[in-house]
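Please look over the structure below. The briefing that follows covers helix packing, charged pairs and the surface.

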Amino acid sequence: MRILIDEAHLGWERSWNLTQRNPGLHEPHAAAEALEKWPVRYFEIMLPRHLEIIYEINQRFLDDVRRRFPATRAASRG
């Protein structure tokens, strides 16, 4: 995403569509070593642009879930 947006100057939607269609990015059986956990602070210091994109992907994902399942959102608020 970062390369497509920042270096190839593609828009968000085009970059996301290309990213989702890349089979190399969808590993259903990730190896344990690929599931490392890094503190967010590491990303803030070392990879701030990547973290920004991760936050944007997350926000769009959450927005999509809220649109698709509005009753679930209302029910979870009690």
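Does I45 count as buried or exposed? I45 counts as exposed because its relative accessibility is 55%, where buried means under 20% relative accessible area, exposed over 50% and partly exposed in between, with a 1.4 Å probe and protein chains only. This is a predicted model, in which local features need pLDDT of at least 70, side-chain atom pairs count only at pLDDT 80 or more, and totals for chains, interfaces and linings use all residues. Residues are numbered from 1 along each chain as its sequence is written, and side-chain values use heavy atoms, leaving out hydrogens and water.

**Surface patch**

- I45 is part of helix 3, which covers residues 40-46; helices are DSSP runs of H or I with at least four residues, numbered from the N terminus.
- Together with W38, Y42 and M46, I45 makes a nonpolar surface patch of about 450 Å².
- Patch residues have over 30% relative accessible area and no salt bridge, and nonpolar side chains (Val, Leu, Ile, Met, Phe, Trp, Tyr) are joined within 5 Å.
- Accessible areas come from the Shrake-Rupley method with a 1.4 Å probe.

**Helix packing**

- Two packed helices are described by the angle and the distance between their axes.
- The axes of helix 2 (residues 12-21) and helix 4 (residues 48-68) cross at roughly 85° and come within 13 Å; axes are lines fitted to C-alpha atoms over the stretch in contact, with angles from 0 to 180 degrees between N-to-C directions.
- Helix 2 and helix 4 are therefore roughly perpendicular to each other, a term for angles of 65 to 115 degrees.
- W12, E13 and W16 of helix 2 make the contact with I53, E56, I57 and R60 of helix 4, contact meaning heavy atoms within 4.5 Å.

**Salt bridges**

- Side chains of opposite charge can pair when their charged atoms come close.
- The structure holds nine salt bridges, each being a side-chain nitrogen of Lys or Arg within 4 Å of a carboxyl oxygen of Asp or Glu.
- In helix 3, E44 and R41 are three residues apart, so about one helical turn separates them; their side chains meet in a salt bridge at 3.0 Å, N to O.
- E44 is partly exposed, with a relative accessible area of 38%.
- E52 forms a salt bridge with R49, with the closest N and O atoms 2.6 Å apart.
- E52 is partly exposed at 48%, and R49 is partly exposed at 26%.
- D64 and R68 meet in a salt bridge of 2.8 Å, N to O.
- D64 is partly exposed at 24%, whereas R68 is exposed at 58%.
- Salt bridges that share partners join D6, R49 and E52 into one network.

Methods. Patches are made of residues with over 30% relative accessible area and no salt bridge: like charges are joined within 9 Å, nonpolar side chains (Val, Leu, Ile, Met, Phe, Trp, Tyr) within 5 Å. Helices (H or I, at least four residues) and strands (E, at least two) are DSSP runs, numbered from the N terminus. Angles under 35 degrees count as roughly parallel, over 145 as roughly antiparallel, 65 to 115 as roughly perpendicular and the rest as oblique.
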